[in-house]
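Open the structure in your viewer and keep the selection tool at hand.

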Amino acid sequence: MTTREKMNLVLLQMADEYDISDDSPERGDFKYSSLVCMDRSSRALYYLRADCKGKSVLDFDVAALEASLRNNTHIADGELNGPKLLIDPTKAYLEYTPGFLIKKPPFSGVFVKDVRLTAYGDVAAFEEWQDYHKRELEFFEKLRDNLPDGKWHPSIACYLGCVVEDVLKNAAGAEDLRIVGIAMEEYKWTLEERVNDPEWRPLNVDKVIEDVTKALQYMHNLDYCHNDVNPFNIMLKDDDSAVLIDFDSCQLMGEQLKKGTTVEWGVGDTISANKVSHPSTDWCGLKKVRDYLQGKGNPELPGVPPAGCGSASG
């Protein structure tokens, strides 16, 4: 058997890619599935692009897919239905910035936000995702430098540090370390999951809105906006305390948005309607969360300052 045939591949990441229009909240046509797999023996990472629409990581046989595509040598590695593309870890991961907090094992009770390697096959898209990842990490480090009384804000995802690796395995020093993930405390479930679980105790919605409001006010006092408040970006602890997560859309007030707001949870109904990092985008998102929870049969909720959804450009 050849070396290629002996590979013991395991699927790490998988994502379906669709056409997206700034002028429509609807998802466009399906383009392809992006897959990232690892050879268990060498630990090398590979990128594959195929049509696997709707399939799950849990029940997917990546080895069989790779075997079916490996002889398509007339197609470039990493292109649709082409052989797998070797991922260069020095390009895939950000360089470690000296002074950034490093999270070391153990990782029990820790959530590690991975790099979106499923975008690796599209150079422009992958550079954008790296920028989002870097922005989130830099925001956490900004908070770490501005802790009131030395304590992390209880309603903002607790940052534990960046996870680093010597991806070249040469132990040459800190200059060769790469950031492979962002470590945070692990929380029970998203607000979306919680309110749709019919077997769980009633939710104290007033407390949820209050917690997120305090998190946003804290960010705004530091001149940052979250820019993507929605039920998927709010997690709940075991006691139902709310925690705001996902800061890759977070930017300083007044900056032109890069990643922007999830469609239907910002100002207006299109991606292009949310152009500038502004507090009104956050309050609009939280108002929509409040309205969404009311639609789930929850009692009347407290007002969210400022009332209503103002323009994000003012």
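Select helix α2, residues 62-69; helices here are DSSP runs of H or I with at least four residues, strands are runs of E with at least two, and both are numbered from the N terminus. Its buried residues (under 20% relative accessible area, 1.4 Å probe, protein chains only) are Val-62, Leu-65, Glu-66 and Leu-69. Look down the axis of α2: these residues line one face of the helix, because they fall within an arc of 100 degrees, taken from the directions from the helix axis to the C-beta atoms.

The model is predicted: local features need pLDDT of at least 70, side-chain atom pairs count only at pLDDT 80 or more, and totals for chains, interfaces and linings use all residues. Residues are numbered from 1 along each chain as its sequence is written, and side-chain values use heavy atoms, without hydrogens and water.

Next, show the open sheet of three strands, in the order β9-β11-β12 with antiparallel pairing; strands pair if DSSP finds at least two bridges between them. The edge strands are β9 (189-190) and β12 (242-244), each pairing on one side only.

Now select Lys-113 in strand β6, residues 110-114. Is Lys-113 buried or exposed? Lys-113 counts as buried, because its relative accessibility is 17%. Its side chain makes a polar contact of 2.8 Å with that of Asp-246; such a contact is a pair of N or O atoms within 3.5 Å, and within protein one must be able to donate a hydrogen and the other to accept it, while residues adjacent in sequence count only if both atoms are side-chain atoms.

How values were computed. Buried < 20%, exposed > 50% of the residue type's maximum accessible area, 1.4 Å probe, protein only.
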